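Please walk through the fold below, starting with its secondary structure and ending with a few individual residues.

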Amino acid sequence: MNKRNTGLLSLLLFTVVAILHFIHLNGWVYFGDTLLVTARWIVVASLVLFAIYKGSLTTWILVAMAIGVEIGVDFPTDNDPKRFDSQDLKFLSTIFLRLVKTIVAPLLFATLVVGIASHSNLKQVGRMGWKSLLYFEIVTTIALVIGIVAINVTGAGKGIDVPQELLKELPPSSEKQLQAKVIKILDSAGVEVPEGLINKLPDAPGKGWQDHIVDIFPENIIKSVYEGNVLPIVFFSVIFGIALALLNEKKKKPMLEFSESLAETMFKFTNIIMYFAPFGVGAAIAVTVGHLGIDILKNLALLLITLYVALIAFLLLVLLPVAVWVAKIPVKKFIQAIREPVSIAFATTSSDSALPKALENMEKFGVPRKIVSFVIPTGYTFNLDGTTLYLSLASVFVAQAAGIDLSFGEQLMIGLTLMLTSKGVAAVPRASLVILIATASTFNFPLWPIMAIYGIDELMDMARTSVNVIGNTLASCVIARWEGEFDDQKALAFNEKEADAIVG
């Protein structure tokens with residue numbers, strides 16, 4: 001046996017078992033539950049064998065998802081403590097979520113400080129800096145709006161029958177937490193407390209727009225890190241980065257090197273945690289399917305389709321007109337120039353892996369080196385079109401899945417948070433999960449839909465990372481055109497065979 005044969009065997013077994021279930025569900029032949037369950041587990045065993053030969057973390061995550069679905073179907077919630085059910089695996093997904101949460105604050109701080117302190121010397125970069133940042137924010141905002149509109153149109157997260165015990169995962173307000181502590185103290189002191197008292201006590205009033213603005217500004221950065229409040233962390237990091245950029249080179253260098261080292265460490269930290277992802281994701285899918293049934297997979301499929309359609313719409317309605325009318329570049333030659341870096345990004349789900357080839361090909365395409373070396377790396381921090389679109393879409397999906405009705409103003413606030421927190425994470429596969437969890441915590445969304453999303457995150461990450469690379473390579477052409485330094489002759493003479501190693 002080898003990787004190819006085990007893959008074909010898994011595909012063959014899956015096809016046979018799918019046909020058996022189709023015949024059974026249509027009432028043509030009754031096979032019996034035992035036979036069907038056994039057949040499904042044989043498929044799962046073949047997938048495990050394929051994952052062993054494949055030796056890929058991504059493959060293990062997808063196989064773990066299949067195992068989780070099967071466990072959730074075969075061992076649904078029955079509230080019998082003596083019998084094993086899918087909910088007994090919840091501790092694994094909880095461990096994974098806790099590990100991911102530890103990444104949020106240091107990763108955001110390090111990436112934002114490095115991004116700003118390394119590229120914010122506007123005296124040196126002149127007009128190019130302002131034009132780049134302006135272009136980045138305009139395009140990113142459009143991507144965010146497209147994502148929100150797409151998920152509201154399809155309603156991919158709606159229609160999930162959510163048990164009440166899952167909704168209890170919603171984080172209580174600080175007011176309710178304080179009330180619970182007081183009641184617990186009174187009870188331990190022997191004071192008689194009426195049953196259900198906490199439900200009768202008033203909760204803190206909802207926050208107005210002024211409160212949301214105030215919450216952006218930290219009063220104690222350690223407190224913000226402890227409570228997981230993302231916006232104050234981002235604000236502190238931005239100001240810190242600006243202050244660091246204003247120092248002279250001698251004083252700036254040690255802190256900048258520390259921040260770069262911290263960022264790289266957190267990237268490695270993320271990679272290490274991802275080795276636990278198959279257990280966390282498999283357990284989370286098992287718990288979710290055990291609670292909600294197999295129907296949730298329909299919602300995840302609709303979410304995946306929504307993302308791809310939204311990204312295609314963004315490419316055709318935004319980036320293509322920008323390329324034709326703003327950058328005024330030969331589109332066919334541009335596609336040839338970005339083919340290899342986009343392919344690398346799609347395969348590795350990391351924009352960082354595509355950076356060297358993107359820089360090289362854009363320079364060969366007619367963008368001066370001084371513009372390429374500034375715009376594309378800066379874009380990796382400030383111009384994450386695909387990631388921003390995905391995060392806006394996924395956040396609303398989480399709210400829809402939990403039955404939370406968001407107003408237009410709340411969706412705008414989520415969008416603002418995402419635009420700030422998504423900066424600087426494009427280089428890390430699955431780092432969007434970190435940002436999504438942080439955003440969910442900020443807006444009191446439950447986390448179980450995110451774990452369900454993570455099961456198909458690899459498929460979504462391929463597309464959004466590719467769009468990130470396309471957006472940044474196009475941005476370098478736009479800035480070069482605005483600066484009057486784009487070489488049209490070089491672009492028209494671009495030779496795909498000389499530039500792209502993947503062309504035979």
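Helices here are DSSP runs of H or I with at least four residues, numbered from the N terminus. By that numbering, Lys328 sits in the loop between helix 16 and helix 17 (331–348). The model is predicted. Lys328 is not a glycine, yet its phi is positive, at about 55 degrees.

Now the protein as a whole. It has 26 helices and 0 strands. Of its 504 residues, 48% count as buried. The accessible surface comes to about 24600 Å², and carbon and sulfur atoms hold 65% of that area. Among contacts with a separation of 6 or more, 80% are between residues 24 or more positions apart.

What lies in the interior? The largest nonpolar core has 116 residues, of which Phe365, Ile453 and Leu474 touch the most other members. Helix 16 (residues 296–326) gives the most to this core, with 12 residues. Ile453 can be followed in detail: leaving aside neighbours within four places in sequence, Ile453 is in contact with Leu300, Leu303, Tyr390, Ala394, Phe397, Val398, Leu436 and Met460. Another core, of 5 residues, lies apart from the largest one, and its members include Leu89, Leu92, Ala283 and Ala286.

The buried residues of helix 14 are Lys252, Leu256, Ser259, Leu262, Ala263, Met266, Phe267, Thr270, Ile273 and Met274. An α-helix has 3.6 residues a turn, so residues three or four places apart point the same way. With that in mind, the list for helix 14 can be read again from Lys252 through Leu256 and Ser259 to Met274.

The last stop is His21, in helix 1 (residues 3–25). Is this residue buried or exposed? His21 has a relative accessible area of 18%, and it counts as buried because the cut-off is under 20%. A polar atom of the His21 side chain lies 2.9 Å from the backbone oxygen of Val17. Not counting residues up to four places away in sequence, His21 touches Leu36 and Arg40.

Technical notes
Residues are numbered from 1 along each chain as its sequence is written. This is a predicted model: local features need pLDDT of at least 70, side-chain atom pairs count only at pLDDT 80 or more; totals for chains, interfaces and linings use all residues. Side-chain values use heavy atoms; hydrogens and water are left out. Helices (H or I, at least four residues) and strands (E, at least two) are DSSP runs, numbered from the N terminus. Buried means under 20% relative accessible area, exposed over 50%, partly exposed in between (1.4 Å probe, protein chains only). A polar contact is a pair of N or O atoms within 3.5 Å; within protein, one must be able to donate a hydrogen and the other to accept it, and residues adjacent in sequence count only if both atoms are side-chain atoms. Contact means heavy atoms within 4.5 Å. A nonpolar core is a set of buried Ala, Val, Leu, Ile, Met, Phe, Trp, Tyr and Cys residues joined through side-chain atoms within 4.5 Å. Accessible areas come from the Shrake-Rupley method with a 1.4 Å probe; for residues, only the protein chains shown count as cover.
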